[in-house]
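Colleague: I'm new to looking at protein models. Could you walk me through this one, a feature at a time?

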Amino acid sequence: MDPIQNRSVSSHSLEMHARAHVALTGVSEVIAFDDTQVILMTESGEVALTGQGLHVTKLMLEEGKLTVEGRIDGIFYTDKKERRRGRKGAL
């Protein structure tokens, strides 16, 4: 069976406007953040947002919602099972 078909559907979503505003749902944890990156865990795995002047404008973990504003240069996903440990120099 195709691994993609085996994955369960989650309630994670990501919506970006003009590379300046990102709204995410399905967020379970904010791992780290500064003005150049935001790293978080979602129901679909780890997500890293990179850019310039990034700041978290809304964080509602009990509802799984997060919004980030600033210049977004990259969005990177990593599967949950591949989550790195010991993030020396991550921020």
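Modeller: Happy to! Let's start with a term: strands here are DSSP runs of E, at least two residues long, numbered from the N terminus. Keep in mind that this is a predicted model.

Colleague: How do strands hold on to each other, and in which order do they stand here?

Modeller: In general, strands of a sheet pair through backbone hydrogen bonds, and this can be parallel or antiparallel. Here, six strands make an open sheet, ordered β1-β2-β6-β5-β4-β3, with antiparallel pairing.

Colleague: Which strands stand at the edges?

Modeller: Those are β1 (13-17) and β3 (27-33). Each has a single partner strand, so one side of each is left without a neighbour in the sheet. On average, neighbouring strands of this sheet are turned by 35° against each other, ignoring direction.

Colleague: How many bridges link β3 and β4?

Modeller: Five bridges join β3 to β4 (residues 37-42), in the antiparallel sense. To find your way along this pair, look for Glu29, which stands opposite Met41 in β4.

Colleague: Now the loops. Where does Ala18 lie?

Modeller: You'll find Ala18 in the loop between β1 and β2 (21-25). Its phi is near 50°, a positive value in a residue other than glycine. Arg19 is in the loop between β1 and β2 as well, and Arg19 has a positive phi of about 55° although it is not a glycine.

Colleague: Is Ala18 buried or exposed?

Modeller: The cut-off for exposed is over 50% relative accessible area, so Ala18, at 77%, counts as exposed. Arg19, with 44%, is partly exposed.

Notes. Residues numbered from 1 in each chain as written. Predicted model: local features only at pLDDT ≥ 70, side-chain atom pairs only at ≥ 80, totals over all residues. Heavy atoms only, no water. Pairing = 2+ DSSP bridges. Helix = DSSP H or I, 4+ residues; strand = E, 2+ residues; numbered from the N terminus. Axes fitted to C-alpha atoms, helices over the stretch in contact; angles between N-to-C directions. Buried < 20%, exposed > 50% of the residue type's maximum accessible area, 1.4 Å probe, protein only.
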